[in-house]
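Let's take a walk through this model together, strand by strand.

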Amino acid sequence: MPHIKYKTFSLVLMACVASLFLSHAQSKIINSGWQFSEDKIHWQTVNIPHTWNDKDAFDDESGYRRGLGYYKKQIYVSSQDKDHIFYLKFNAVNQEATVFINGKKATNHKGGYTAFNVEITSLLNFDTYNLIEVEVDNAHNDNIPPLDADFTFYGGIYRDVELIKVPKQHFSLKDFASDGFYVNYYNVSNDKAGVKVDVLIDNFETKTDAHLYLEIFDAEGNRVREEHQGLTLKSNKTETVKVTFPEIKNPKLWSPDNPYLYKLQLTLSDKNGTILDQKQSNLGFRWATVDPEKGFFLNGKPIKLIGVNRHQDFKDYGNAVPIELQKQDIHLIKNMGANVIRFAHYPHSRELYKLCDELGILVWTEIPIVNKVTDSETFFEVSNAMQNEHIKQYYNYPSVVMFGYMNEIFLRLAFDKKSSDKEKEALKTTTLKLANQLEDLTRKLAPDHITVMAGHLNEVYNNTGIADLPMLFGWNLYFGWYDAQIEDLGKFLDEQHQRYPKRSLLLSEYGPGADVRIFTKTPKKFDFSTNYQAKLHQSYYKQITERPFMTGMTAWNFADFGSEFRGDAIPHVNQKGLVQYDRTPKDIYYWYKSVLDDKKPFIHIATDYLKQLTVLENETVPIQIYSNQNDVNVSLNGKSLGDFKVKNGVVSIDMSFKNGNNSIRVSTENFSEEKTIKVNRIEAFDFKNFKRFGINLGAHFNFYDEAQNITFVPDQEYKKGWFGFKDGSAYGMTKDKNQGLPHNIKNTGAEPLFQTLLEGCTKYQVEVPEGNYNIKLYFVEPQIKPTENIYNLSEETSESNKTQRIFDVHINDTLIEKRLNLAQAYPEKYGVMLQATIQTKKGLTLKLNAIEGLPVISGILIEKLD
């Protein structure tokens with residue numbers, strides 16, 4: 001193949017002449033005006049992105065629709081384009097797609113998170129409309145990963161659909177839906193950097209001559225390198241053209257602090273200079289390595305990776321999220337100060353990787369082989385095809401430094417109580433075989449990248465040796481949540497490092513669930529309070545940053561996300577996010593900003609829970625202040641509380657609030673932040689400055705009920721002049737052995753009120769003054785999971801009692817309910833509310849008279865009527 005170099009002025013002239021001609025290669029987004037049906041009888045008009053699970057994955061019914069969905073659309077193709085080649089490109093369809101053009105099958109694609117192309121030229125009719133039909137299936141398929149995971153497998157065409165028209169000579173679209181070229185770097189250093197490009201060119205006609213012109217521009221638009229090749233393309237073949245640019249002297253290196261990007265432009269023209277196809281790519285000069293003792297290095301300098309995992313779905317959208325909303329995620333992550341994103345547990349929209357290039361965020365990207373594998377030839381084929389698509393479609397992004405392929409792959413095996421030991425050993429062997437294949441494939445296709453996988457807390461990853469396959473092994477660790485205590489994280493990592501000193505490690509997942517409606521002064525494991533979330537994250541950050549051998553940490557998760565079978569404080573949603581499902585930041589997001597972002601002074605007063613705060617008697621409230629400054633001055637209601645040293649990004653102060661509005665002001669030498677919060681301070685239980693009072697029975701935390709705009713205060717043992725239980729014990733989501741786990745409770749949006757309760761309480765005293773009261777009592781039949789380690793999320797639950805609970809409910813001398821039997825009357829875990837109007841001269845006494853079993857109650861809301 002001849003290599004012809006022209007002088008610079010000749011190249012410029014050629015480019016100018018070529019620019020007079022319209023590029024023949026065109027891509028058109030065809031997202032609007034599709035028809036969708038679940039049965040091929042009833043059709044509705046929809047736009048792409050689309051999923052059929054945006055609602056049913058969040059309703060009170062167990063499960064969500066997994067099966068077939070049908071899409072169709074007509075497109076007009078003119079005979080003026082007969083000399084072109086046509087492709088359809090689907091950027092993601094979950095999870096299996098069969099495409100038909102004018103009734104004829106065009107292709108079938110397995111895998112819900114990577115793009116695929118299909119060439120449709122011979123199936124088209126010109127000067128008329130052509131029918132595109134897509135049969136989509138998100139049903140469980142043993143041969144398509146992921147088989148099982150803690151996220152919802154939304155069905156549908158949920159990324160862009162493109163109609164691509166190209167001349168008969170064009171950059172290849174055949175290589176796993178890639179861009180048709182691959183950028184590699186050589187001799188990258190502070191002094192110099194080289195670029196090599198492998199270009200794939202398709203020729204759909206007889207032998208012909210063409211020109212390939214490549215240019216590199218710096219960020220200011222100056223051309224710094226150019227190469228030209230005259231080509232003779234063989235008949236109906238795909239040619240691979242290799243181009244090596246001379247080294248660039250003193251390159252500007254790409255990093256999170258300075259994401260300097262060069263641009264590569266590729267132009268394919270015919271022998272007359274008419275442009276046939278043109279593409280661009282970011283170039284970023286950088287190199288990344290890992291060291292088992294010293295951690296992660298970028299451009300030869302140590303850098304601690306601190307960032308997040310991200311799922312792609314969004315409240316009310318499922319996974320069919322407009323790209324502009326998705327881009328806001330990346331900006332939020334960068335604004336937090338993060339320098340790395342793990343796109344979990346599948347490839348995300350390519351536009352987001354481009355944005356990571358531009359903003360300076362390092363990327364771990366992976367395919368969705370999660371929790372377990374199938375021992376079948378087809379599963380292996382699909383998995384390898386996924387990794388081929390993944391690497392080739394995401395190869396050219398400078399931000400991508402890590403390619404992964406498995407997550408917690410032995411999780412289901414660890415909880416498998418049905419298979420024999422022989423079957424389990426066979427599955428380990430199968431899994432290891434697939435892991436070796438994918439590791440080899442990844443190293444071959446992406447030799448300048450770091451291979452990675454993640455495992456959960458189990459010795460099986462060490463025993464099988466699978467943890468030593470990738471260049472970097474990620475531990476998903478939930479000490480203080482699913483396992484042991486918060487401080488056990490460092491002990492575990494030290495022990496692993498000592499045992500496996502040549503293994504590079506990253507904390508790839510960690511974090512507790514947190515609901516902004518829950519607040520407590522005594523945060524406990526599994527209480528879903530924002531206070532416990534702060535406690536765990538702040539400790540984990542300190543433990544990781546104190547250990548040089550740890551490459552870094554990625555919090556689970558950036559945002560709350562859909563997981564249909566979960567019954568957390570918000571059912572069907574995994575609430576471990578640093579931001580809420582609608583991307584409203586939780587306080588912990590701002591704490592990360594305080595320790596990660598030092599570009600300008602920052603202060604945040606953590607008040608997630610202060611929407612409607614009730615405090616009793618002399619009670620103080622712990623307030624956390626987050627700042628990237630060393631010292632802050634704090635005042636409350638105009639009175640200085642003093643100067644405070646900021647440690648680990650936080651200052652914690654117990655504040656005594658007055659009734660009504662309270663102003664907290666935090667200032668540094670040249671910056672301040674102020675927040676006003678409204679407090680209902682009750683110094684006497686006399687119902688004079690308040691009319692309603694709610695108690696979260698059996699709970700140690702406050703719960704803000706949005707629907708009723710009231711905070712239910714924590715329970716307590718009876719206190720004279722106030723309220724409390726005379727007997728019984730707390731039974732809830734923080735009980736030993738996790739017996740009272742969160743679960744979806746129908747007929748309510750206030751799960752945290754019902755997920756804790758008093759069991760065996762026969763008498764509850766509330767010392768209200770004389771008057772008329774409306775009383776609401778809240779009940780639910782509790783639910784038990786049979787395992788102590790609730791990481792086993794897919795295990796079926798069992799009923800909490802073999803015997804019935806039957807009890808009478810009285811308030812003072814009034815019978816509220818006779819023989820209440822929750823399990824019989826409400827077998828589907830309904831939240832039950834009983835209501836009564838009571839007149840009393842002195843106090844309220846709630847009596848639960850047991851007839852059979854132990855009575856339970858979850859909450860009380862008292863409203864004074866006069």
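This is a predicted model: local features need pLDDT of at least 70, side-chain atom pairs count only at pLDDT 80 or more; totals for chains, interfaces and linings use all residues.

**A hairpin and its neighbours**

Strand β20 covers residues 262-270, and β21 covers residues 275-283. The two run antiparallel and are joined by 8 bridges. Together they make a hairpin with 4 residues between the strands. Within that turn, look for Gly273, which has a positive phi of about 90°.

Strand β20 also pairs with strand β16, residues 208-217. Here too the pairing is antiparallel, with 8 bridges. You can find this pairing through Ala210, whose bridge partner in β20 is Asp270. How much of β20 is buried? The strand is mostly covered, with 7 of its 9 residues buried.

Is Asn407 buried or exposed? Its relative accessibility is 3%, so Asn407 counts as buried, since the cut-off for buried is under 20%. The side chain of Asn407 makes a polar contact with the side chain of Arg342, at 2.8 Å. Leaving aside neighbours within four places in sequence, the residues in contact with Asn407 include Arg342, His345, Ile369 and Val370. Asn371, Ala454, Asn476 and Glu509 are also among the contacts of Asn407.

Further on there is an open sheet to explore. Its 5 strands follow the order β47-β50-β57-β54-β55, with antiparallel pairing. At the edges lie β47 (723-725) and β55 (814-820), each of which pairs on one side only. On average, neighbouring strands of this sheet are turned by 10° against each other, direction ignored. As you look along the strands, remember that side chains in a regular strand alternate between the two faces of the sheet.

Inside this sheet, strand β50 (residues 763-766) is joined to strand β57 (residues 844-852) by 4 bridges. These two strands run antiparallel. To see them side by side, pick out Val766, which stands opposite Leu844 in β57.

Finally, a word on the cysteines. How many disulfides does the model have? The count comes to 0. Two cysteines are worth a look for their surroundings. Cys356 has 0% relative accessibility and therefore counts as buried, and Cys761, at 1%, counts as buried too.

Methods. Residues are numbered from 1 along each chain as its sequence is written. Side-chain values use heavy atoms; hydrogens and water are left out. Two strands pair if DSSP finds at least two bridges between them. Axes are lines fitted to C-alpha atoms, for helices over the stretch in contact, and angles run from 0 to 180 degrees between N-to-C directions. Buried means under 20% relative accessible area, exposed over 50%, partly exposed in between (1.4 Å probe, protein chains only). A disulfide is a pair of cysteine sulfur atoms within 2.5 Å. A polar contact is a pair of N or O atoms within 3.5 Å; within protein, one must be able to donate a hydrogen and the other to accept it, and residues adjacent in sequence count only if both atoms are side-chain atoms. Contact means heavy atoms within 4.5 Å.
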